[in-house]
Amino acid sequence: MTENEILLEMNKISKEFPGVKALDNVTLKVRAGSVHALMGENGAGKSTLMKCLFGIYRQDAGEIILNGEKIEIKDSKDALDYGISMIHQELHPVPYRSVMENIWLGRFPVKNFGLIKLIDEKKMFKDTEQLFRDLDMDINPNTIVRNMSVSKVQSMEIAKATSYNSKVIVMDEPTSSLTENEVGHLFRIIRELKNRGVAVIYISHKMEEILEIADEVTIMRDGRLIGTWTASELTTDIIISRMVGRDLTNRFPERSNIPGEVVMKVEKLTSPFHKSFKDVSFEVRKGEILGIGGLVGAQRTELVEALFGLRSVQSGKIFINGKEAGIKSPIDAKNHKIALLTEERRVTGIFPALTVLENTLMANLGNYVTSCLLLDEKRRKEDTEKSIEMLRVKTPSFKTLIKDLSGGNQQKVLIARWLLTEPEILILDEPTRGIDVGAKYEIYSIIAELAKNGKSIIMISSEMPELLGMSDRIMVMCEGRLSGILDNKDATQEKVMQLATQFMS
Amino acid sequence: MNNINSNRIKEFLSQNAIYIVLVVLVLSIAVTDPRFLSLSILRDILLQSSTRVIIALGAAVVLITGGTDLSAGRVVGLTAVLSASMLQTSDYVRRFFPNMPDLPLWLPVMIAIAAGLIVGWLNGMIVAKFNVPPFIATLGTMVIVYGVNSIYFNLPPNDSQPIGGLRDDFTNLGSGYFLSVPIIVIIAVIISVLAWVLFNKTRLGKNMYAIGGNREAAKVSGINVGRNLLIIYAIAGALYGLAGVLEAARTGGATNNYGNMYELDAIAACVVGGVSTSGGIGTVPGILAGVLIFGVINYGLTFIGVNPYWQLIIKGIIIVTAVAFDIRKYLAKK
């Protein structure tokens, strides 16, 4: 493998976002006809590096060399023209259009009719059929993308990326919602690509996948390059320790919470939509951290949003402190002392153009209305300052706009927002997504502290170590159903994965 | 089994709601007064809807990209005045250009359409290159175009007098017949067919849906979003331009206030016809049905003697309910 020549070189790439140095002098060398795994924790900079390669971001410094020639990539079109294609981590389909239109977007086949060029639908259909046949995928080219399952959409994106006949294909977490069969299938496709001399850059968190498919592995941490190794020299343990950069035992704070009586009981909760959650029953205790694991598309977010009154429920009951709670809206949920930290911090969490103070108090303004219907500014400032101090939010002042804080500090402000509503049950949906390693530890400490003080925590996490390291019990979902609940002492990565794919065909 | 059938019926009703509304509307007016179902009335409705169809198609391409175009009405006014000012009979007393020789019909028509295209291109430029939100960008050009048109309209010797005395070959475009079909209707049909081809059979059309449906997806698929937007806004402008010419020809005159608020009628027809204001969705048959619904209301309700103020209220209710129903198809299921 190592005798293959270097096809792509990214030299000393740096990229800075306000408040975060996302990439610091990173170098990546990828050989033709090989699979190069790019590894690192969430927020290590892998996706950012690939977005620079694909023209979605421009790097602040550094150069990209393809086939020995320095190239400038100004936008995605340039990247595609140079023979670089990408399977994006966040799926990028056009929802109300057909599969084939999504695949040939930007390069529709056309027929000349005199002066005008019309789309050659027949050719497009045939080419799409042929593409799926070559890849042995069963997708109808005419299906409207919005009506497909997540795993089918992901397969479509894989097919699209290979259809460019690129020399370099970037796959950013291509298996996040694939079943085991489909993963095996993808690996056959990758080996075929390798034989054709294509360089595949493969990003994944799944160790077994990496060790099975990769020839070389580059590990990143906190936006910096740690090193590149031949995959055969590596083991899961070595990779993890290099990714984390310190002993695994120190990644999570000591927890001294003691689960007490049952606070919330959910019975056979079922969504009116047949692809969503079904028959989910579980309990949460006082002072307990209940983790929820599963793959993308397992409907975990949908479930907790239903608990919070954001989604409709067809049948099933929610009991709080033994009494049935009819939760129809977030207002009801707040009245039952439930809080929800949403998954998409930027979309459904922060108000970017408002100050830390406004963001902190947003869920709780009613508490500051004085007798003459104005807001009590003095108490607002006091409470914000108290929150900042308690959660150790690093901000110049409470007047700073929240968008100027780092992800970790934004998340702390959001936690502060919900703590001010004095919740008994805190639902955290991917609480450390996109947060750098140091700040993660602080968030974990806050969670552990809250549990110790008797709050019940429900935490969705897609990061296996976080799930295993922070939960008292782990409940795993697969395709909307509860596939099992594991006690912390019995839980292993393998068991969780097995449950997470239990109902997949 | 019954369940499946009732689901199918529901699906059919919701997919074709707009056409059903149109039929029900026509039938209920016909029940009140059977004379409504006559060829001459159908012809009148089509005649009145023709320019509106062209404007609505222009508004629709912009809506489908996820934008809005408020400049439509004022562009109609501008090109109505422009074309009329150059197509007056040579013996008309208040001629805009007293000494100008008679121009061939196509020349002023092309100049007017080009003027519309330039305004549209400017809209696209402001939206695509300077990232001004379409609502604001076209609000600006709407006001500018009205200003420019009024200055032109106020030039001596016209001095803001309504432009009349239009040549027969010109007014023939708006009120003439070809094989007993109004020429203006034929033009609208041709434009609709071309629009259907653009929407469904060209790269530009598919890109338009992609940009409105998921701009980021369009970008990472290598589409030049800015250039596509520029062309689409320019096409919209050219369509308004053509509509302005036809409006002057149909009414036999023009003033600087022509077309005022037509953009809102066009947007209303589009959304009633199933075009999504958040982009990515819309079909030509739907837009035609949307325009016809308003045509039938305007004509039919007057025909059966409904007070015009009541007609406004009915129109408003139709806009809101149509969209409230239609949007249920697309709402994120929660």
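**Close-up 1. The loop of chain B that holds B:Pro157.** In this predicted model, B:Pro157 is placed in the loop between α6 (134–153) and α7 (168–175) of chain B, where helices (H or I, at least four residues) and strands (E, at least two) are DSSP runs, numbered from the N terminus. The peptide bond that joins B:Pro156 and B:Pro157 is cis, with omega about 5°. Most residues other than glycine have a negative phi, and most peptide bonds are trans. Residues are numbered from 1 along each chain as its sequence is written, while chains are lettered from A and ligands numbered from 1 in the order in which they are written. Because the model is predicted, local features need pLDDT of at least 70 and side-chain atom pairs count only at pLDDT 80 or more, whereas totals for chains, interfaces and linings use all residues.

**Close-up 2. Packing of α4(B) against α6(B).** Helix α4 (residues 72–85) of chain B packs with α6(B) at an angle of about 20°, and their axes are 9 Å apart; axes are lines fitted to C-alpha atoms, for helices over the stretch in contact, and angles run from 0 to 180 degrees between N-to-C directions. The two helices, α4(B) and α6(B), are therefore roughly parallel to each other, on a scale where angles under 35 degrees count as roughly parallel, over 145 as roughly antiparallel, 65 to 115 as roughly perpendicular and the rest as oblique. The crossing of α4(B) with α6(B) is left-handed, a term used if the near helix is turned anticlockwise from the far one by less than a right angle, with right-handed used if clockwise. On the α4(B) side the contact is made by B:Arg74, B:Val75, B:Gly77, B:Leu78 and B:Val81, and on the α6(B) side by B:Met142, B:Val145, B:Tyr146, B:Val148, B:Asn149, B:Tyr152 and B:Phe153; two residues are in contact if their C-beta atoms, placed from the backbone, lie within 7 Å. By class, the residues of this contact are 9 nonpolar, 2 polar and 1 charged, where Ala, Val, Leu, Ile, Met, Phe, Trp, Tyr, Cys and Pro count as nonpolar, Asp, Glu, Lys and Arg as charged, and the others, Gly among them, as polar.

**Close-up 3. Packing of α9(B) against α11(B).** With their axes 10 Å apart, α9(B) and helix α11 (residues 225–251) of chain B pack at an angle of about 110°, and α9(B) and α11(B) are therefore roughly perpendicular to each other. Their crossing is left-handed. From α9(B), the residues B:Leu204, B:Asn207, B:Met208 and B:Ile211 meet B:Val225, B:Asn228, B:Leu229, B:Ile231 and B:Ile232 of α11(B), a contact with 7 nonpolar, 2 polar and no charged residues.

**Close-up 4. The contact between chain A and chain B.** This contact takes 22 residues from chain A and 21 residues from chain B. On the side of chain B that touches chain A, the elements that give two or more residues are α9 (203–213) and α10 (215–220) of chain B. That side of chain B has 7 nonpolar, 7 polar and 7 charged residues.

**Close-up 5. The buried face of α17(A).** Helix α17 (residues 493–500) of chain A has A:Val496, A:Leu499 and A:Ala500 as its buried residues; a residue is buried if 20 or more other C-beta atoms lie within 10 Å of its own, exposed if 12 or fewer, and partly exposed in between, with C-beta atoms placed from the backbone. Seen down the axis of α17(A), these buried residues fall within an arc of 100°, so they line one face of the helix, the arc being that of the directions from the helix axis to the C-beta atoms. The buried residues of α17(A) pack against β15 (289–293), α16 (464–470), β21 (473–478) and β22 (481–487) of chain A.

Close-up 6. A:Asn25, a residue other than glycine, has a positive phi near 60° and lies in strand β2 (residues 20–31) of chain A. A:Asn25 is partly exposed, because 14 other C-beta atoms lie within 10 Å. For B:Met261, phi is near 70°, again a positive value in a residue other than glycine, and B:Met261 is placed in the loop between α11 and α12 (262–272) of chain B. B:Met261 has 12 C-beta neighbours inside 10 Å and therefore counts as exposed.
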